Amino acid sequence: MPNDLRYISTRGQADPVDFTAALMTGLAPDGGLFVPESWPRFSADQWRSFRGMHYAELACHIMRPFVDASIDTNSLQRLVCGAYCTFAHQSVAPLRQLGPDRWLMELYHGPTLAFKDVAMQVLGRLYDHTLERTGGTITVVGATSGDTGSAAIEAFQGRDHASIVIMHPAGRTSEVQRRQMTTVHADNVLNLAVDGTFDDCQDLLKAMFNTPDFRQRVRLSGVNSINWARVLPQAVYYCAAALALGAPDRPVAFSVPTGNFGDVYAGYVAAQMGLPIERLIVASNQNDILPRAFATGDHTLGDVHPTMSPSMDIQVSSNFERLLFDAYGRDAGAIAEMMTALRQTRALQLDVGKLAALLPRFVAVRCDEHACLKTMRDTQEQNALLVDPHTATGLHAVHTLRDDLPKGVPVVTLATAHPAKFPAAVEQANGVRPPLPEHLADLYDREERYEPIANDLAAVMQRIDAFAAATTPA
């Protein structure tokens, strides 16, 4: 294992940094995303030694080489254990068998009922630990298609060293997702309902990071999966599932409902560390730019179509840049040119030969609305199990590929959200409206607090400026 791991930008015009700098800055100064300069790897014997560990203990071992000297081992253990004691299930990410070699990994036992909690509960504590040492303060700004916002607010509300601003696309989240964000009344929380799509919110966020004076003035940091420290904890549940199913002596495959590509990229991180991951199935809804890109190299942006799986209603999957960086031989100049071209022309034609190096580990499948409803209905009938529409896209992808998947290899579908987060879709499919867990039972009665705002960079930055000045000490 390296003892001086550094992080480099996918666009090559930023100096290498340590873990703390990657955490605090989020997006690299050149607009790129931070990735490890080299990949730590565990031997087969080391992987075997991790079997049977409690989830928090395993997380410390997996994260340790990436965190390096930035955080001492005792502090890392304290932060991680504190994060996962908030989960309703002691296994954090339990496995449920659906059939021969077919499994579901439940990632919705955190406080906001979505997989984002697995990373966000760690991230909030990482920020606190770092800021307590330095005496600094930050303004955390995030864009959300639904789940990131509530998980981030849950992790950051009431913290002394950070204020948080979350932008969500007005009218394009489920009611539960919106209310989980807007019914938190902590003084250090601001919700902005942007007149646009998630991609618009994400563009605003990236533009803020690329405005140096604003970035410095509000001490800007980010919680989206553009932040490496968001991706890293997600790699742990791939490791936990694979080890439980026989790794490293048995390969495993995963089907991942995919929007911004951070979750499935975390599976790629686990594979780069030496975990035998046979397939990473990229499950998309009808906003299917990723299946098109993998199949033909065509990465032309289209319109975002609202669906019953709103967290996947995305055309620009930010973390795809990290994967392309490796696919193109870590040629940062090529990536910088591609990202500039995408911004200017809204289209890329990817080199199919270079993408082939990622295949067959990566395969992408589209799921339309009819197939999503059918999968939710079939899962209830066959397994007596309600699943949300995002999870259904992952299950549909496994069914679609059933004849092409390696025999004898367990396939784990990531259940990314509790069905109660999307009650209307679940009821449409199954005639059952899933109740919220007890700690959220009064959610519909809570007062909401958010501000509508135009899809306008100047207006958004002006509002955040005022909020930061009012809530973050100079």
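Biologist: Where is Pro-360 found?
Modeller: Pro-360 is found in the loop between helix 15 (352-356) and strand 13 (362-366). Helices (H or I, at least four residues) and strands (E, at least two) are DSSP runs, numbered from the N terminus. This is a predicted model, in which local features need pLDDT of at least 70 and side-chain atom pairs count only at pLDDT 80 or more, whereas totals for chains, interfaces and linings use all residues. Residues are numbered from 1 along each chain as its sequence is written, and side-chain values use heavy atoms, with hydrogens and water left out.

Biologist: Is the peptide bond that joins Leu-359 and Pro-360 cis or trans?
Modeller: That bond is cis, with omega about 5°. The peptide bond from Ala-247 to Pro-248 is cis as well, with omega near 5°. Pro-248 is found in the loop between helix 10 (228-244) and strand 9.

Biologist: Which phi does Phe-261 have?
Modeller: Phe-261 has a positive phi of about 75°, although it is not a glycine. Phe-261 lies in the loop between strand 9 and helix 11 (262-272).

Biologist: Is Phe-261 buried or exposed?
Modeller: Phe-261 counts as buried, at 1% relative accessibility. Buried means under 20% relative accessible area, exposed over 50%, and partly exposed in between (1.4 Å probe, protein chains only).

Biologist: And Ala-384, buried or exposed?
Modeller: Ala-384 counts as exposed, at 64% relative accessibility. Ala-384 also has a positive phi, about 50°, although it is not a glycine. Its place is in the loop between helix 16 (369-383) and helix 17 (389-400).

Biologist: Changing topic to helix 14: which of its residues are buried?
Modeller: The buried residues of helix 14 are Ala-332, Ala-334, Ile-335, Met-338, Met-339 and Leu-342. They cover an arc of only 155° around the axis, which puts them on the same side of helix 14. The arc is that of the directions from the helix axis to the C-beta atoms. On the other side of helix 14, Glu-337, Gln-344 and Thr-345 are exposed.

Biologist: What do the buried residues of helix 14 pack against?
Modeller: They pack against strand 1 (7-9), strand 11 (298-300), helix 13 (320-327) and strand 12 (347-349). Contact means heavy atoms within 4.5 Å.

Biologist: How many residues has helix 14, and what caps its N-terminal end?
Modeller: Helix 14 (residues 332-345) has 14 residues and reaches 20 Å from its first C-alpha to its last, close to the 20 Å expected at 1.5 Å a residue. The expected span is 1.5 Å times one less than the number of residues. The cap is Asp-331, with a side-chain oxygen 3.3 Å from the backbone nitrogen of Gly-333. Arg-346, whose phi is positive, near 60°, follows helix 14.

Biologist: Now the open sheet of five strands: what is its order?
Modeller: The order is 8-5-6-7-15, with parallel pairing. Two strands pair if DSSP finds at least two bridges between them. The edge strands are strand 8 (220-222) and strand 15 (451-453), each pairing on one side only. The twist averages 30° from one strand to the next. Angles run from 0 to 180 degrees between N-to-C directions, and axes are lines fitted to C-alpha atoms, for helices over the stretch in contact.

Biologist: Which helix packs on the sheet?
Modeller: Helix 6 (residues 147-156) does, touching strand 5 (138-143), strand 6 (162-169) and strand 7. The direction of helix 6 makes about 165° with that of strand 6.

Biologist: Ile-164 has its place in strand 6. What does it touch?
Modeller: Not counting residues up to four places away in sequence, Ile-164 touches Val-140, Ala-152, Ile-153, Phe-156, Asn-188, Val-189, Leu-190 and Phe-467. Ile-164 is buried, with a relative accessible area of 0%.

Biologist: Last one: why is strand 14 largely enclosed?
Modeller: Five of the five residues of strand 14 (residues 411-415) are buried, so the rest of the structure largely encloses it. Both faces are covered, with Val-411, Thr-413 and Ala-415 buried on one side and Val-412 and Leu-414 on the other.

Biologist: Which residue is the bridge partner of Glu-106 in strand 14?
Modeller: The partner of Glu-106 is Ala-415; strand 4 (residues 102-106) and strand 14 pair in the parallel sense over five bridges. Strand 9 (residues 252-257) also pairs with strand 14 in the parallel sense, over three bridges, and Phe-254 has Val-412 as its bridge partner.

Terms used. A polar contact is a pair of N or O atoms within 3.5 Å; within protein, one must be able to donate a hydrogen and the other to accept it, and residues adjacent in sequence count only if both atoms are side-chain atoms.
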